[in-house]
Amino acid sequence: MTTLEEAGTVVSADGLMTALVCERYGTPDVLKFVEIPRPTPKNNEILIRVLASTITSGDLRVRSMDMPEGFRTLGRLALGWHVPRNATLGATFAGVVQSVGNRAAGFTPGNEVFGIRGFRMGGHAEYLCMSAKGAIAHKPEHLSFEGAAALSFGGGTALFFLTRAGLVAGETILVNGASGNVGMAAVQLACVMGGQVTGIGSAAHLDQVRSLGAVRVINYALEDFTALEQRYDVVFDVACNQSVERCLKVLNPGGRLIRLQAGLPEMCRAMLQPRRAGRHIIVGTAEERADQLGHLAELVRQGRYRPVIARVFPFEEAIEAHRYADRPGHGGSVVLKMSPIG
Ligand SMILES: NC(=O)c1ccc[n+]([C@@H]2O[C@H](COP(=O)([O-])OP(=O)(O)OC[C@H]3O[C@@H](n4cnc5c(N)ncnc54)[C@H](OP(=O)(O)O)[C@@H]3O)[C@@H](O)[C@H]2O)c1
């Protein structure tokens, strides 16, 4: 275990911390570094010194208020009309427990942890408070803080939806969007579950997708999977660049279609649609759960799963990191590394 001093967790005397805040919705130019009061943990919370976070597709959606069809008004109502209510973005974090509330069980100061806060955000700051019962887990000992920060978003999302789809050993699965954050996690986790994986991605990352366990890869620029003969038991559709109808056609009877970017009309259709030959559509938002993070950490310890990092940026370059994350083709997680406060 790292001591607080080794992890650089020297508390600033003035009780302030640096945070990257989103002043309105838009391009990375809406982001700004500010000094804000360091949070104080409630009885059931723990205070964490953040040492790494990531810029997820969720962060990009909130920053730019880019919501799936039918969710734009709902998104503003939920997240803030003109400016994000939770102005400090950062869905994920990894760091060291600084202090614990007197009713927060399971963690002690100095514990190395990682977790996910979803739309509550807050990871792009030097400290955050988290309920001890929230989506937080102990970091695998040999994994870096950057790796741990990259574990929860793609891994948690993929695990949630693969579990909902009930993938079983021997089934075939197609991951459309396998060269991205969630896709690379889905390929690995489907292999762990015994699935026979085909991954669709961009040419630059196909070798990597294969190295993660895909038995077959497809370059989306060259082939349209809905026009091929191959059928699958599960289609994990991250990219959602084809219609539901076309995707359903590539399913075997009893097959499941996971649609990660379903808009409101598609969600309603999924709920109302009668199962055709037992095929069904899975939509919704991934739940953030501590047990899933614990499972991912255990797979990392066993060497059966690894978070894929596209690039690590120092926290001071977070605005440039947002520009990088905005561009397609980066593959894996874009990580922010906080330097120790000294
Ligand atoms: N429902 C939920 O709970 C949930 C949770 C997490 C994420 N999401 C959503 O899922 C989406 C993906 O998230 P992510 O973090 O994995 O993003 P990402 O890292 O940007 O990955 C997107 C992937 O899709 C690929 N892609 C782009 N066009 C494609 C095409 N025509 N055919 C096949 N693949 C294509 C990209 O390829 P290249 O970049 O290599 O060209 C990239 O690999 C986002 O829209 C996010 O909002 C939903």
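## A loop residue to start from

M65 sits in the loop that joins α1 to α2 (72-79). This is a predicted model, and in it the phi angle of M65 is near 45 degrees, a positive value in a residue that is not glycine. How exposed is M65? It counts as partly exposed, because it has 19 C-beta neighbours inside 10 Å, while a residue needs 20 or more to be called buried.

C240 is another residue to look at for its backbone. Its phi is near 50 degrees, again a positive value in a residue other than glycine. You will find C240 in the loop between β11 (232-237) and α7 (244-249). With 18 C-beta neighbours inside 10 Å, C240 counts as partly exposed.

## How the chain is divided

Let us step back to the whole chain. It is split into domain 1, made of 16-151 + 307-337, and domain 2, which covers 154-282. The contact between them draws 14 residues from domain 1 and 16 residues from domain 2. On the side of domain 1 that touches domain 2, six residues are nonpolar, seven are polar and one is charged.

Taken over C-alpha atoms, the centres of domain 1 and domain 2 are 27 Å apart.

## The largest nonpolar core

In soluble globular proteins, nonpolar side chains tend to be buried together. Here the largest nonpolar core has 94 residues, and the members that touch the most others are I48, V175, A186, V187, V235 and F236. Domain 1 (16-151 + 307-337) and domain 2 (154-282) both give residues to this core, so the core lies between them.

Which residues does I48 touch, once neighbours within four places in sequence are left aside? Its contacts are F93, G95, V96, V97, Q98, V113, Y127, L128 and M130.

## Two buried residues in strands

I46 belongs to strand β3. It is buried, because 26 other C-beta atoms lie within 10 Å. Beyond its neighbours within four places in sequence, I46 is in contact with P41, V97, V100, G101, A104, F107, M130 and A132. From I46 to A286 the chain runs 240 residues, and their C-alpha atoms are 24 Å apart.

A94 is part of strand β4 (residues 92-100). This residue is buried too, with 29 other C-beta atoms within 10 Å. Leaving out neighbours within four places in sequence, the contacts of A94 are L51, A52, F114, K139, F145, A148 and A149.

E266 is located in helix α8 (residues 264-272). Is E266 buried or exposed? With 20 other C-beta atoms within 10 Å, E266 is buried, since the cut-off for that label is 20 or more. Residues up to four places away in sequence aside, E266 touches V244, R259 and V283. The C-alpha atoms of E266 and I200 are separated by 22 Å, and the two residues are 66 apart along the chain.

## The two sides of α10

Helix α10 (residues 318-326) has A318, A321, H322 and A325 as its buried residues. Looking down the axis of α10, these fall within an arc of 105 degrees, so they line one face of the helix. The face turned away from that buried side carries the exposed residues E320 and R323.

What do the buried residues of α10 pack against? Their partners are strands β1 (16-22), β2 (31-37), β3 (45-55), β14 (309-314) and β15 (333-337), together with helix α1.

How values were computed: Residues numbered from 1 in each chain as written. Predicted model: local features only at pLDDT ≥ 70, side-chain atom pairs only at ≥ 80, totals over all residues. Core = buried A, V, L, I, M, F, W, Y, C linked by C-beta atoms within 7 Å. Buried ≥ 20, exposed ≤ 12 C-beta atoms within 10 Å, placed from the backbone. Domains from an automatic or database assignment. Contact = placed C-beta atoms within 7 Å. Nonpolar A, V, L, I, M, F, W, Y, C, P; charged D, E, K, R; others polar. Helix = DSSP H or I, 4+ residues; strand = E, 2+ residues; numbered from the N terminus. Arc of directions from axis to C-beta.
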